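Subject: Handover of a structure and its findings

Dear colleague,

Please find the structure below, followed by a description of what was found in it. Kindly keep it open while reading.

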Amino acid sequence: MKKSYFLLTVTLFLATSKLFAQGCVAIKSTGGVCSMLDHPEETDKNGGWVFNSNIRYYKSYKHFIGRQEQPQRVTLGTNVINHAYTQDIALTRVINSRWSFSVDVPIISNTRSSLYEHGGNERHSTSSFGIGDIRIAGYVWAFDPHKFKNGNIQFGLGLKLPTGDYKYTDYFYNTGPGGTKLLGPVDQSIQLGDGGTGITTEINAFYHLSHTFNLYGNFYYLINPREQNGVSSARGGTPSATSIAYGSDVMSVPDQMMLRFGTSVSVKRFIFSAGFRDECLPSRDIIGGSNGFRRPGNIISAEPGIIYAFKKVSVNAFVPIALIRERTQSVPDKIKTDLTGVYAQGDAAFADYAINIGISFKL
């Protein structure tokens, strides 16, 4: 039972570390960390420290309007291709069997190639590299883990700080006077941050069906009260009159949401998990305005995973595979629809899957 509890808690901790942003639906890495870290008997006296490092990679290249894929973009070579790497480094202080505190620092490296951003005739790339938005959070178990060993619920509350550069710039070719290049902010999907101070909320739960089989669930929501961050979406040029009229000339600061659930089975030191994940960038925020440029949408994925646990170290791999990809209407899309009388809905590029590899150390 002790090993099963440890494996499950490590699974939830690693799997909840943010695997967002499988494409132009620009959900940033903000370290949604669940601090289910160890068996209560080992942590309630003196607490402890846990170090976690996760690497995420994806390639987005398939365009969708709503849930309808646009395969001609790939065939014609007009699609946008994003390569995104994130190294998430998290340090968690386990105070006792119920309370813990975490700090997550993402290091991000992104590249984006396209035709339309560089005059339309030649494919060029822009890139970004640096620290993303750092997150700090505290967690508490709803029930005493010593008395509720077969199941429990954990609540988390934190702050997402605007430490990532949300004004990162690079050169756009064939866009200046006479076909010269212009220096301007890179696309929202590869910016290092969103420019807002956010409030993170989490609910993490598990239930032991037996010594071998377990159920788990996680919910994460980032509240971003700031409406816009003041960064132009015109790539160094002058915003068009229509983009100003529709409100898409300045980048927005959107909320983010993740819901995941599934089951796992323990086999000696291995744990195999299978579940579903819904990642969402909503078109409207809970608090504050929702205008400005954003690509709202949903990614529903099947999420297989595997973990191998040593005494104080565990390694993991998770590969969420996209089942449904949807680019929904943004507020500027709706404003354009109202002003023109013609239904408007932008597109977004998505990945087929993401690769996530991590390691966790009990210090």
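Over the face of which residue does lysine 181 lie? Lysine 181 lies over the face of tyrosine 171, 4.4 Å from the ring centre. A charge counts as sitting over a ring if NZ of Lys or CZ of Arg is within 6 Å of the ring centre and within 35 degrees of the ring normal. Lysine 59 likewise lies over the face of tyrosine 61, at 5.0 Å from the ring centre.

Please note that this is a predicted model, in which local features need pLDDT of at least 70 and side-chain atom pairs count only at pLDDT 80 or more, while totals for chains, interfaces and linings use all residues. Residues are numbered from 1 along each chain as its sequence is written, and side-chain values use heavy atoms, with hydrogens and water left out.

Aromatic pairs

The structure holds nine aromatic pairs. Rings of Phe, Tyr and Trp (its six-membered ring) pair if their centres lie within 6.5 Å; planes under 30 degrees apart count as stacked, over 60 as edge-to-face and the rest as tilted. Phenylalanine 51 and phenylalanine 361 form a tilted pair, because their ring centres are 6.3 Å apart and their planes stand at 40°. This pair links distant parts of the chain: phenylalanine 51 belongs to strand β1 (residues 48–65) and phenylalanine 361 to strand β19, 310 residues apart. Strands (E, at least two residues) and helices (H or I, at least four) are DSSP runs, numbered from the N terminus.

Phenylalanine 270 and phenylalanine 272 are stacked, because their ring centres are 5.9 Å apart and their planes are at 15°. One aromatic cluster is formed by Phe270, Phe272, Tyr308 and Phe310. Phenylalanine 270 is partly exposed, with a relative accessible area of 34%, and phenylalanine 272 is partly exposed at 36%. Here, buried means under 20% relative accessible area, exposed over 50%, and partly exposed in between (1.4 Å probe, protein chains only).

Paired strands

Two strands pair if DSSP finds at least two bridges between them. Strand β6 (residues 135–141) runs antiparallel to strand β7 (residues 151–160), and seven bridges join them. Alanine 137 stands opposite glycine 158 in β7. Strand β7 is also joined to strand β10 (residues 198–208) by ten bridges, again in antiparallel fashion. There, glutamine 154 has asparagine 204 in β10 as its bridge partner.

Yours sincerely
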